[in-house]
Amino acid sequence: MIQGNGEIDEDVSHRIGAGWMKWKLASRVLCDKKVSPKLKDKFYKVAVRPAMLYGAECWPVKNSHIQKMKVVKMRMLRWMCGLTRGDRVRNETLREKVGVTSVEDKMREVRLRWFGHVMRRGTDAPILGVVLLQLWTATFLHDATWLKILIVAYFFGSFLNHNLFLAIHELSHNLAFSTPVYNRWLGIFANLPVGVPMSVTFQKYHLEHHRFQGVDGIDMDIPSLAEAHVVKNVLAKSIWVILQLFFYAFRPLFLKPKPPGVWEFVNFTIQISLDGAMVYFWGWKSLGYLILSTFVGGGMHPMAGHFISEHYVFKPEQETYSYYGPLNLMTWSVGYHNEHHDFPRIPGSKLYKVKEIAPEYYENLDSYKSWSQVIYMYIMDRTVGPFCRMKRKLSTKGNKSE
């Protein structure tokens, strides 16, 4: 609770007292030499630390407050390990032994998590305008030549449809509304100009990509073995890039098919109804424009460079790459990809603030400024291809929570 003078000293002291109270209640476990450090670590994270950091996401914190918390935490950890300051064990060694992160990192984490909650993308995002503009363009081109339709699709419609595809990506993380079902309905609406029902199915597979990134057989963002064996030279990679949207869409259906649910049928019915109405009232060319806009926008196109730039490994020591270029303005800032994977609950429009808040975690990482250059490097570099992905096996052990 903030005091009348704007300080939080009393609240910090109160939370420290609450932490010690929880500590005393659990001291028989935490100070028992027969209990393993791993179990003590879990007990501390579940019972003690949440009491100390309750409400920390709203604190206007100072270095003095962090230092207070750090001193208390290290005293607790030393008692847990049966050590005193006289044993001359460094704090870093002790934290590594017990398996807990530093208090300043944990406070930053809870603040960023809260930041993602309160800064949820507003419902005034330009999805409605993009959908209406793209549908109107489709009706306007109903009697145009196929060459004109292809040109307009590549230089105009592809940008709109790719924008909507990445809006669906935002909505798959429930970043427009706090109620998931509203995000799902908005995703189905954003899906309309894409021409193919994909919003609901995309969410299923994409959330698994975040939870099991790089896990072979689960993360469907990873190319198949057949792709890795066939796509090896410049010509094959060029064709693969042109058709990458098809690989992206059909790979999960062949490698890890999921039974469709009610929402898939809703998405399918609404989309097919729109497509049928487009053909009935304006003809096949209008629908063809929508499909072409999706296809060319996901192939040899600057906007599609993010498919490659995000996780294709050009340098062995780094798995995920961010893009800090102008196309972020049209792609819901999907280029901030390291930041997005660290904090998927923060909308793309606010991810630049994550980089500003924690620059030491991102400025030293390799990044890109041109998606077109990424496509060129991918095609021309003989050492790079669909096989250049970080793959891992599914761990049978529980993930270590910090």
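Modeller: What follows takes a few labels and sets each against its cut-off. Keep in mind that this is a predicted model.

Biologist: Start with the overall picture. How many helices and strands are there?

Modeller: The protein chain has 18 helices and 2 strands. Its C-alpha trace spans about 85 × 50 × 40 Å along the principal axes. Of the 402 residues, 48% are buried.

Biologist: Why is Thr-139 called buried?

Modeller: Its relative accessibility is 17%. Buried means under 20%. The value falls under that cut-off, so Thr-139 counts as buried.

Biologist: Where is Thr-139 found?

Modeller: In helix α6, residues 127–140.

Biologist: What is Thr-139 in contact with, beyond its neighbours within four places in sequence?

Modeller: Met-278, Trp-282 and Ser-286. Contact needs heavy atoms within 4.5 Å. Each of these residues therefore has a heavy atom within 4.5 Å of one in Thr-139. Gly-55 is 84 residues from Thr-139 along the chain, and their C-alpha atoms are separated by 53 Å.

Biologist: What share of contacts in the chain joins residues at least 24 apart?

Modeller: Counting contacts between residues at least 6 apart in sequence, the share is 74%.

Biologist: Now the inner spaces. What makes a space a cavity and not a pocket?

Modeller: In a cavity, a 1.4 Å probe fits but cannot get out; a pocket is an open set. The structure holds 5 cavities of 30 Å³ or more.

Biologist: Which residues lie nearest the centre of the largest cavity?

Modeller: His-169, His-206, Tyr-248, His-306 and Glu-310, out of 15 lining residues. The elements giving two or more residues to this lining are α7 (146–172), α9 (199–211), α15 (305–309) and α16 (337–342).

Biologist: And how much space lies in the second largest pocket?

Modeller: About 760 Å³. It has 29 lining residues, with Met-198, Leu-245, Tyr-248, Ala-249 and Phe-250 nearest its centre. Two or more lining residues come from each of α7, α9, α12 (244–255) and α14 (284–297). Helix α12 gives the most, with 7 residues.

Biologist: Last, the charges and the surface. How far apart are the mean positions of the positive and negative charges?

Modeller: They are 6 Å apart, for 51 positive and 34 negative charges. As for the surface, the chain exposes about 21,300 Å², and carbon and sulfur atoms supply 63% of it.

Methods: Residues are numbered from 1 along each chain as its sequence is written. This is a predicted model: local features need pLDDT of at least 70, side-chain atom pairs count only at pLDDT 80 or more; totals for chains, interfaces and linings use all residues. Side-chain values use heavy atoms; hydrogens and water are left out. Helices (H or I, at least four residues) and strands (E, at least two) are DSSP runs, numbered from the N terminus. Buried means under 20% relative accessible area, exposed over 50%, partly exposed in between (1.4 Å probe, protein chains only). Accessible areas come from the Shrake-Rupley method with a 1.4 Å probe; for residues, only the protein chains shown count as cover. Lys and Arg count as positive and Asp and Glu as negative; His and the chain ends are not counted. The place of a charge is taken as NZ of Lys, CZ of Arg, CG of Asp or CD of Glu. On a 1 Å grid over the protein atoms alone, a cavity is a set of points where a 1.4 Å probe fits but cannot get out, and a pocket is an open set with protein on both sides within 12 Å along at least five of seven lines; lining residues have an atom within 4 Å of a point. Grid points are joined across faces, edges and corners, and a volume is the space filled by probe spheres set on the points.
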